[in-house]
Amino acid sequence: MVSKLSVRVAGLHLEHPVMNASGILGATPEHIERLASYGFSAIVTKTITPQPREGNPPPIIVEIPNIGLLNAVGLANPGKNIVPKLVEVSKRLGKPIVISVGGSTPSEFLEVASIAEEAGADAIELNLSCPHAKGYGIEIGSDPYQSYEVVKTVANSVKIPTIAKLGLCDRIVEVASKVLEAGAKGLTLINTVRAMVIDVMTARPVLSNVFGGLSGPAIHPIAVRVVYEVYRELRPEIIGCGGVVDWVTAAELILAGARAVQVGTALMWKENIVYDVLIGLRRLIEHFGVRSIEDLVGYSHRV
Amino acid sequence: MLANGIYLAKLRLVEPFESYPSPAQFVMVWVPGVKEMPMSISHYSCDGELTIVFRVRGVGTQKLASIGIGSVLGIRGPLGKGIAIRPEWKRVAILAGGIGIAPTPLLVSALTVHGCETHLFWGAKTRSELFDLDKIFVDKPDRIEISTDDGSYGFRGTVLELFKSVANVHSYDAVIAIGPNPMLRAVCEDMELKRIDPMVVMETIVKCGRGICGSCYIRGSTKLLCIDGPAFRCSEVMHHLRSLD
Ligand SMILES: Cc1cc2nc3c(=O)[nH]c(=O)nc-3n(C[C@H](O)[C@H](O)[C@H](O)COP(=O)(O)OP(=O)(O)OC[C@H]3O[C@@H](n4cnc5c(N)ncnc54)[C@H](O)[C@@H]3O)c2cc1C
Ligand SMILES: Cc1cc2nc3c(=O)[nH]c(=O)nc-3n(C[C@H](O)[C@H](O)[C@H](O)COP(=O)(O)O)c2cc1C
Ligand code: FES
C-alpha cells in the first residue's frame, strides 16, 4: 500500500507526496517536531535568512472566510545558526528535511545553503517568491536573470538538490526555464499572491505591512494553472503548492503535473489533513486503474 | 482607569461571538493603525459586550488606554482552548499575580455556574496597583485574600507566600495560577514538591493567534500557546518556564 503512494521528486525519496509548505511553523526544533506529528513525508522549514529577522508587528494575518488567508509575517526567522538544530530533530524523527533559504543577494542565499548542506539537510528550497518582504522573494523571482544568478550560485556550490520556489508572475514559464537551466532539480509552484484587505469601518489597511500574501482556496485554481502550464512547456519535477485543503485539491495539482504537494493554510483548520489526502489519493489510483501515484503525475496532459 | 496604569474597557461587538468563550480564552485586539495585541476575555455577555482589563506596557496598550468612547477597534476571537472545568471540582484556588487578575472574572463565573466554590488569592507589587474587585467581578469569589510585595496593603509577600500561609493546598480540587512567568515558575516548583500539577495560564508572544506563525511556541514542547493554551499543566511548561532566565 505504502509503495503505491511513494514518490521521488528533486532527488528526494518520499513515503508519500504530502509535505508541509514553508512558513507554517518550521522555525524552531519544537515546530519541526509538531510538523512531523502531522504526518508529512518531508519537513520544509520556515525560510531562513543569514541574519535573524523580527518580522512585522501584528496584525500579520487576516482570515477571509471561505476564501483563505492573507499574511505578512515578514520572513520572521531565527537566522542561519538554527539550521543544524532543525536538521538534527528531523533526522531523529526519521524525516527528510528541506531547508527553505532566503536572501537578498546570491551570496546570502549561498551562505544559508552551505550551512544546510553541511548540517546534512536533504535539499534546499530557494524562496524566490515571498510577495511581501522588501528586497526578498518575488522581487528577485519575477526577474529571470536575477533568479538565474541565485540558483546558479547555489546549485554550483552545493551538492544536495536545489529546488526553486517560484511565485505568480507574468513571465513564470521564462523564469522556470531559466532556473532549471541554472541547475534547479525541481520547482515548487506557487507561493502566496500579493493582496490586501481594507477594514471598512476605519478605512485602514488591516495588515501592518499593508500588503500581504494570499493563500488557501482562493489561489488554488491559479496554482493548478501555473503547474499545468509549466509542466506542459518544460516537463520539470514540480512540487505543487497553493490551496490544498483536501484530497481533491491535492489530486488536481498532481494531475496537472506535480510529483508532490505542499500544505500550508489548511493546517489552520485541519491538523489531520495529511491522512485525508492519502486516503483520497489511494482511491484515485484505483479509480484510474494505475499502479502508483507517479502514474498520475501530469495525467491531465495525457487524457 | 481601575488603578495606576490599569484600565477596563467594555467593547461592543458588531457580531457576537459564535460561541460563549471559555475561561482563559483571549481575543486579538486591533487598535487601527497602531497594532494588534492579545488580551484575555475578562467577561462576556451574550448580547456581544466584551470586557477586557489591561495594564499599560508599551505603545499598543498606551494607545488603547487613550482612545475615546465610541472609537472603533478590531476584535478576533475567541482564541485559544480555554480551561475545561471538571465536574469533580468542588473547590478551586485561583492565584493571580498583577494583571493576571484579568481573566479571573470569566473563570470565577464559569466555576460558579458549575457549583464550584472559588477562592481567589491576588498579589500585586504595591497598593497603587490594586483596585476594588467588585468593579470587574460579575460573580464574586467565595473568598478573597490579597498581598502586596511591599506590604503596603494586605499580606506582605508574594501571592504564593500568601497562599501558603493562609490556605491548605490539599483542601482544593484544583489550583489555577495566572500571572507573570517567574510567578508561575515559583508556583509550579513549589507544588512539584507536593506532587501537585497545577494549571497555569501563561503568556508568550502571540502574533497570528491561529497556530501558523509559531511565535507563541512553548520551549521544549510541541505545544503552541495560541491554540493549545494559554492554560497548561505545570508539567507541560516547566522546561519553558525554567529556560526563561
Ligand atoms: C494570551 C494572552 C493574553 C493576554 N491578556 C492580557 C490581559 O488581559 N491584560 C493585559 O494587560 N495584558 C495581556 N496580555 C499581554 C499583552 O498582550 C501585552 O501587554 C501587549 O501586547 C503589550 O503591547 P504594547 O504595545 O503595549 O507593549 P510592547 O512595548 O509591544 O511590549 C511590552 C511587553 O509586552 C509583551 N508583549 C509585546 N507584544 C506581545 C504579543 N504580541 N504577545 C504577547 N505579549 C506581548 C512583551 O513582554 C513585551 O516586553 C496577554 C498576552 C497573551 C499572550
Ligand atoms: C503564515 C504564512 C507564512 C509563510 N511563510 C513562507 C515562507 O517563509 N517561505 C515561503 O517560501 N513561503 C511561505 N509561505 C507560503 C506558503 O509556503 C505557500 O506557498 C502558500 O501559503 C500557498 O499554500 P497554501 O494555500 O497551502 O497555504 C507562507 C504562507 C503563510 C500562510
Ligand atoms: S501566535 Fe502564531 S502560532 Fe501562536
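Predicted model: local features only at pLDDT ≥ 70, side-chain atom pairs only at ≥ 80, totals over all residues.
Which residues is A:Arg259 in contact with, leaving aside its neighbours within four places in sequence?

Residues are numbered from 1 along each chain as its sequence is written, chains are lettered from A and ligands numbered from 1 in the order in which they are written, and side-chain values use heavy atoms, with hydrogens and water left out.

**View 1. A:Arg259 and its surroundings.** Look for A:Arg259 in strand E16 (residues 258-263) of chain A; strands here are DSSP runs of at least two residues, helices (H or I) are runs of at least four, and both are numbered from the N terminus. Leaving aside neighbours within four places in sequence, A:Arg259 is in contact with A:Val7, A:Arg8, A:Val9, A:Pro17, A:Glu237, A:Ile238, A:Glu294 and A:Val297 (contact means heavy atoms within 4.5 Å). A polar atom of the A:Arg259 side chain sits 2.6 Å from the backbone oxygen of A:Arg8. With a relative accessible area of 17%, A:Arg259 counts as buried (under 20%, with a 1.4 Å probe and protein chains only).

**View 2. The shell around ligand 1.** Here 20 residues surround ligand 1, and the closest are B:Lys35, B:Pro38, B:Arg55, B:Gly60 and B:Thr61 (a residue belongs here if one of its heavy atoms lies within 4 Å). Strand E3 (35-40), strand E5 (49-55) and helix H1 (59-66) of chain B each supply at least two residues, and E3(B) gives the most, with 5.

**View 3. Close pairs at ligand 1.** An oxygen atom of ligand 1 lies 2.7 Å from a backbone N or O atom of B:Gly60. A nitrogen atom of ligand 1 is 2.9 Å from a polar backbone atom of B:Val53, and a nitrogen atom of the ligand is 3.4 Å from an N or O atom in the B:Glu203 side chain. Taken alone, ligand 1 exposes 850 Å², and the protein buries 81% of that (areas by the Shrake-Rupley method with a 1.4 Å probe).

**View 4. Two domains of chain B.** The domain assignment, automatic or from a database, gives domain 1 (6-79) and domain 2 (91-242). Their C-alpha centres lie 20 Å apart, and the contact takes 22 residues from domain 1 and 21 residues from domain 2. Both domains give residues to the shell around ligand 1, so the ligand lies between them.

Key. Polar contact = N/O pair within 3.5 Å; in protein donor to acceptor, adjacent residues only side chain to side chain. Buried < 20%, exposed > 50% of the residue type's maximum accessible area, 1.4 Å probe, protein only.
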